[in-house]
Amino acid sequence: MKIETLAIHAGNHSDPTTGAVVSPLILSTTFERAEDGSILEGRDIYTRASNPNRRALEEKLAALEGGSEAIAFASGQAATMSIFHSLGGNTHVILPDDIYYNTKVIIDNLYANFGLTCTAVDMTDLGAIKRAIKKNTKLIWIETPSNPSLKITDIQAVVKIAKAKNILVACDNTWATPFFTRPFEFGVDLIMHSTTKYFGGHSDILGGVVILPPAPSLGAGAAIRTFQTVGGAVPSPFDCWLLSRSLSTFAIRMPVHAQNAMRLATFLEAQPQIEKVNYPGLKSNEYHKVAKKQMCNADGVPCFGGMMSVLVKGGQKEAMELASKLKIFKHATSLGGVESLIEHRFSVEGTHSSSPENLLRISVGIENIEDLIADFIQAFQ
Ligand SMILES: *Cc1c(COP(=O)(O)O)cnc(C)c1O
């Protein structure tokens with residue numbers, strides 16, 4: 001089945017007792033045993049361990065990435081933590097230098113005490129990755145497109161380097177989503193998502209997921225599941241139900257994000273107030289060639305997602321001014337919702353930020369593109 005159909009039908013089992021076409025929301029935290037006190041086969045016991053809505057969501061998420069199993073979390077950060085946790089102590093991780101800011105904060109602030117160390121490298125420089133490998137390197141973390149500079153990592157090339165050294169590769173696929181990039185096809189071992197973003201799509205659910213590959217060979221899956229069920233970093237049944245609902249329209253939303261982003265990037269590139277547009281769909285973009293290799297829809301048509309960033313001519317002041325003059329684009333963090341957002345990353349990341357001070361990150365929504373362009377035209381005046 002194709003992604004449009006999976007997004008609607010995977011995991012959505014109609015209810016045998018009521019005939020409801022949409023899975024009902026089951027809020028109960030506990031489930032009754034058989035008359036003789038035994039555990040009924042296939043029935044849940046306690047919602048932290050499993051719940052019908054979470055199971056349905058996990059089935060859908062696994063199907064969308066073509067994985068064998070999905071493990072849903074209360075946030076993307078919890079999903080990331082489960083992967084780092086599964087590695088054990090005295091472990092080294094290689095991360096991109098341009099990365100979702102808080103991924104690195106997890107290692108530096110939470111796992112440093114457990115002997116987890118990391119090296120940040122430019123993931124587009126294969127030599128730099130090779131040089132960063134240590135005896136205890138267990139994981140290479142990929143995020144492509146990267147946050148906020150939209151660097152594109154050649155997934156296949158990184159997997160090749162990692163496999164030769166028995167190192168796992170995890171891919172944060174939050175930005176590309178399986179609509180534009182399917183990392184299991186390139187051999188990665190784990191996929192992580194902040195489902196808060198494009199999967200949720202409406203900026204009203206926080207969530208995360210780790211997805212295991214089609215043929216899981218590693219032990220990490222069991223440790224990640226235990227982190228979820230015993231650690232308790234679980235999403236509520238309502239969030240699972242809501243996210244399943246949002247995913248029904250996922251495959252319809254995504255091409256609009258990408259079309260709008262392509263048009264906006266092309267427009268912005270021609271504006272004198274803009275120094276540079278970081279969008280892998282532009283022919284002028286330094287990562288366009290690699291992006292074309294791995295960013296396309298399921299029919300093989302190149303498309304490059306809904307995220308971009310721009311460098312405004314001038315500095316922080318000029319960038320902030322532009323953001324504040326826009327009316328449709330709201331100045332707020334996060335991304336992947338139906339509404340367009342813009343954000344000055346440097347001022348939110350603080351003094352450790354490596355984001356340029358004149359950078360604005362844009363999450364292009366699914367409004368009418370003429371309105372979005374008109375908003376920039378009035379802001380530039
Ligand atoms: C938002 C985000 C995260 C963190 O997810 P939360 O749901 O906010 O915990 C991780 N990676 C990327 C790329 C993100 O955009």
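Predicted model: local features only at pLDDT ≥ 70, side-chain atom pairs only at ≥ 80, totals over all residues.
User: Which residue places a polar side-chain atom 2.8 Å from an oxygen atom of the ligand?
Analyst: Q77 has an atom 2.8 Å from an oxygen atom of the ligand, but that atom is a backbone N or O. The question concerns a polar side-chain atom at 2.8 Å, and the residue that supplies it is S194.

User: How much of the area that the ligand exposes when taken alone does the protein bury?
Analyst: Taken alone, the ligand exposes 380 Å². The share of that area buried by the protein is 93%.

User: Which elements give two or more residues to the shell around the ligand?
Analyst: The shell around the ligand holds 14 residues, with Q77, D172, S194, T196 and K197 coming nearest. By class, these shell residues comprise 4 nonpolar, 7 polar and 3 charged. The elements that contribute two or more of them are α3 (76–86) and β6 (190–194).

User: Which residues lie nearest the centre of the largest pocket?
Analyst: The largest pocket contains about 350 Å³ of space. Its lining divides into 6 nonpolar, 6 polar and 5 charged residues. Of the 17 lining residues, those nearest the centre are D15, I26, D44, P52 and R55.

Methods
Residues numbered from 1 in each chain as written. Heavy atoms only, no water. Near = heavy atom within 4 Å. Polar contact = N/O pair within 3.5 Å; in protein donor to acceptor, adjacent residues only side chain to side chain. Areas by Shrake-Rupley, 256 points an atom, 1.4 Å probe, with all protein chains shown as cover. Helix = DSSP H or I, 4+ residues; strand = E, 2+ residues; numbered from the N terminus. Nonpolar A, V, L, I, M, F, W, Y, C, P; charged D, E, K, R; others polar. 1 Å grid on protein atoms, 1.4 Å probe; cavity = no way out; pocket = protein on both sides within 12 Å on 5 of 7 lines; lining within 4 Å. Points joined across faces, edges and corners; volume = space filled by probe spheres on them.
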